[in-house]
Amino acid sequence: MSTTRPYPPGDRGPEPSGASGASEGGVAATGASGEGAGAPSGAAPPQGGPQVRRLSFEDESGVVPLARDFTRQALYAWGWLPAASADQRAAAEDVLLVVSELVTNACLHAEGPDHLRISCDNKVIRVEVADRGTGQPAPRTPHRAGRPGGHGMFIVQRLCLDWGVVRAPGVSGKTVWAELGAPA
């Protein structure tokens with residue numbers, strides 16, 4: 001179920017400076033920025049913290065395929081792809097599907113996405129989609145399994161460890177986040 005806490009319970013703590021307009025490590029916030037771009041396949045993220053990439057959607061069209069391609073590149077850089085097993089392949093496909101659903105929801109219900117931020121540590125990938133919308137995402141009720149549309153947040157809810165919404169006081173819009181577990 002949706003939460004409004006800025007991070008899931010437990011020992012993970014808050015994400016570092018996600019709304020600053022730059023990736024951690026001082027890399028510019030446009031295009032395929034982030035650390036670990038040259039990491040060999042199968043490499044684990046560094047122990048110093050999560051690897052982060054941020055994509056701005058300013059003046060972009062075709063944002064859903066753009067977001068999927070950007071995420072796929074990050075998954076290759078972080079060693080999630082190419083997948084060595086069916087479970088690893090399924091985990092990577094789940095990340096791509098969640099990115100598609102969150103960006104699509106921002107397009108349909110929230111005046112379009114502002115940016116996508118993805119981060120990876122040894123256990124979790126966190127996907128964040130910021131938008132200017134005022135609505136609150138939630139699984140549509142009643143859910144009609146046989147009908148088209150209205151399934152996006154059910155998909156996110158089923159695939160993710162947790163998801164929620166963060167709003168900054170005095171700022172319009174929100175960030176919808178979701179976390180998925182790393183493949184075994």
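Buried residues make up 40% of the 184 residues in this chain, where buried means under 20% relative accessible area, exposed over 50%, and partly exposed in between, with a 1.4 Å probe and protein chains only. This is a predicted model, in which local features need pLDDT of at least 70 and side-chain atom pairs count only at pLDDT 80 or more, while totals for chains, interfaces and linings use all residues. Residues are numbered from 1 along each chain as its sequence is written, and side-chain values use heavy atoms, with hydrogens and water left out.

Next, the overall layout. The chain has three helices and eight strands; helices (H or I, at least four residues) and strands (E, at least two) are DSSP runs, numbered from the N terminus. Read from the N terminus on, the order is β-β-β-β-α-α-β-β-α-β-β. Of the contacts in the chain between residues at least 6 apart in sequence, 62% join residues at least 24 apart. Contact here means heavy atoms within 4.5 Å.

Now helix α1. Which residues of α1 are buried? They are Val63, Ala67, Phe70, Thr71, Ala74, Leu75 and Ala77. These cover an arc of only 160° around the axis, which puts them on the same side of α1; the arc is that of the directions from the helix axis to the C-beta atoms.

Aspartate 59 has a positive phi of about 60° although it is not a glycine, and at 78% relative accessibility it counts as exposed. After α1 comes glycine 79, with a positive phi near 85°. Leucine 81 and proline 82 are joined by a cis peptide bond, with omega about -5°, and proline 82 is in the loop between α1 and α2. Glutamate 111, in the loop between α2 and β5, also is not a glycine and has a positive phi, of about 65°. With 59% relative accessibility, glutamate 111 counts as exposed.

On to helix α2, residues 86-109, which contains serine 100. Is serine 100 buried or exposed? At 10% relative accessibility, serine 100 counts as buried. Setting aside neighbours within four places in sequence, serine 100 is in contact with Val64 and Arg68.

Helix α2 also packs against α3 (residues 152-159), at an angle of about 145° and with the axes 9 Å apart. Axes are lines fitted to C-alpha atoms, for helices over the stretch in contact, and angles run from 0 to 180 degrees between N-to-C directions. The residues that meet are Asp94, Leu97, Val98, Glu101, Leu102 and Asn105 in α2 and Gly152, Met153, Ile155, Val156 and Leu159 in α3.

Then the strands. Strand β6, residues 124-131, is mostly covered, with eight of its eight residues buried. In general, the side chains of a regular strand alternate between the two faces of the sheet. On one side of β6 the buried residues are Val124, Arg126, Glu128 and Ala130, and on the other Ile125, Val127, Val129 and Asp131.

What does β6 pair with? Strand β5 (residues 113-120) pairs with β6 in the antiparallel sense over seven bridges; two strands pair if DSSP finds at least two bridges between them. β5 and β6 form a hairpin with three residues between them, and serine 119 has arginine 126 in β6 as its bridge partner. Strand β8 (residues 174-181) is also antiparallel to β6, over eight bridges. Here isoleucine 125 stands opposite leucine 180 in β8.

Last, alanine 178, which lies in strand β8. Alanine 178 is buried, at a relative accessible area of 0%. Neighbours within four places in sequence aside, the contacts of alanine 178 are Val98, Leu102, Ile125, Arg126, Val127, Val156, Cys160, Asp162 and Trp163. For valine 98, 80 residues away along the chain, the C-alpha separation from alanine 178 is 7.9 Å.
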